[in-house]
Amino acid sequence: MQYGARAKRRQPLFPPSPEPLPREDEAAKEKVGLVPQPREKQRASRRGRITQASGTLTCGGDLLGENIYLVLFTVALRTCNCFLVQTSFVPDEYWQSLEVAHHMVFNYGYLTWEWTERLRGYTYPLIFASIYKILHLLGKDSVQLLIWIPRLAQAFLSAIADLRLYSLMKQLENQQVARWVFFCQLCSWFTWYCCTRTLTNTMETVLTIIALFYYPLEGSKSMNSVKYSSLVALAFIIRPTAVIPWIPLLFRHFWQEQRKLDLILHQFLPVGFVTLSWSLIIDRMFFGQWTLVQYNFLKFNVLQNLGTFYGSHSWHWYFSQGFPVVLGTHMPFFIHGCFLAPRRYRILLVTVLWTLLVYSMLSHKEFRFIYPVLPFCMVFCGYSLNHLKTWKKPALSFLFLSNMLLALYTGLVHQRGTLDVMTHIQELRYNNPHKSAASIFVMMPCHSTPFYSHVHYPLPMRFLQCPPDLTGKSQYLDEADIFYLNPLNWLYKEFPNNSTMPTHLIIFSVLEEEINAFLISRNYERTAVFFHTHLPEGRTGSHIYVYERKLKGKLNRR
């Protein structure tokens, strides 16, 4: 590595791999000073060092063990990624993170039934609660910062995970293969769609990638059992099912480890004890009693399989729909790469198949559940691209364009109405002080929208609730189910007189015709319309309508 006049040049995004180290006999002579070192090498030894623990070259122009321009590019890309995702995916990205954090810091809001039943832990929401508390102490807790700062923090962590995947592949293969794996990771539409969301699945994926960097794969120079097991333990604390992909990896490590007892007693057990103790203490502080939420979570979702209350799919759903959709147009490259990749990557393929099989045994299935193994698939996709010769440019164009179009559509168009309507609710307070007496009733499938984390003002708000039956009733119906059986009758019974009526009703367009008589009789008028999706389904409509109640013959507009 040369310095001096040439050091002023801009470093390339992907710098060439360092030259091979000297042979053993020459290296030994250099250590004792028998071989004179070139002036450039002497300068390099003063300014940089080879870090054996991480297996990467660290110098004045490096960050996180990689070229600083590559790091800045990745962080900038994920930051843009964050701002180009303006749609909602699933309720958990708000109700299991931001809503809980807002309640922890500002002492108002709504906690779902999982928190009263102690199925969720406070470790993950505590990250965002810390951000909220700092903003509050600085007097900068505006609603926009409360929305975007946590997502930017998640985007930054995802960028670190991307870089760790690239660094790992450089160690296992070479820079060329690492570039293609990195390219596949960055242009994956589902990664783009999820990696900046405040989902426990997103944090699980981030921790899984970084843990894999320290896992003892054949050829890795950064293996560290304490570090990778600590990250796996943290992922388990945040989301207990995070251990599923790691079962074959942990078993392989244990099988190949010569000092098995030492591995368990001096590494795994201390790490498990510390992380579990940390989780117990945090949950004790906020629940007010000792609680092992990981056991409650696994008992509800796995042992009792009560997650079926929120929907169920056939056993083959992940193989026939879930995995192909998540992988998208990477699928042919993944299959091709499975045949080309060296034998040492077989454990990664086994991990993917194992995860799909285990989740297939559970009735309740979602795309995001298999998100943590998506980066494993990118290894095989990158291997495929590296071996393509004749059709490489058309393949790259196809892969990039197809994923970009899907990422932009899902990030900017599909299911955006539930966030746009919350901006409208913010304006009821912030743009018109006369709206301080407003009250909101969200008559949509429960948890369709965020709540106080996206309003940051204690407006009276209500939504249709849908807690599962925990008592064993055979014909149990939640509030949302009862409402949708006969919406019109339910409204007349729930609001027998005008004094109890909310000032604003928020509904999907498919409900308007059914409750039109009630809207007319109670003097409601549509004041705002928001596009939601081109693919309406069931109780979810293509648009969201906001109805405002007339008071004393006048329409109280914004």
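Predicted model: local features only at pLDDT ≥ 70, side-chain atom pairs only at ≥ 80, totals over all residues.
Local features need pLDDT of at least 70 and side-chain atom pairs count only at pLDDT 80 or more, while totals for chains, interfaces and linings use all residues. Residues are numbered from 1 along each chain as its sequence is written, and side-chain values use heavy atoms, with hydrogens and water left out.

A cavity is a set of points, on a 1 Å grid over the protein atoms alone, where a 1.4 Å probe fits but cannot get out; lining residues have an atom within 4 Å of a point. The volume of the largest cavity is about 120 Å³, volume being the space filled by probe spheres set on the points. Its lining has 16 residues, with Arg120, Gly121, Thr200, Ile237 and Ile238 nearest the centre. Helix 7 (123–137), helix 12 (225–238) and helix 15 (293–303) each give two or more residues to this lining; helices are DSSP runs (H or I, at least four residues), numbered from the N terminus.

The second largest cavity has a volume of about 60 Å³. Helix 8 (143–172) and helix 11 (200–214) each supply at least two of its lining residues. The lining includes Arg78, Asp162 and Tyr371.

Phe323 belongs to helix 16 (residues 317–327). Phe323 counts as buried because its relative accessibility is 9%, buried meaning under 20% relative accessible area with a 1.4 Å probe, protein chains only.

Conventions
1 Å grid on protein atoms, 1.4 Å probe; cavity = no way out; pocket = protein on both sides within 12 Å on 5 of 7 lines; lining within 4 Å. Buried < 20%, exposed > 50% of the residue type's maximum accessible area, 1.4 Å probe, protein only.
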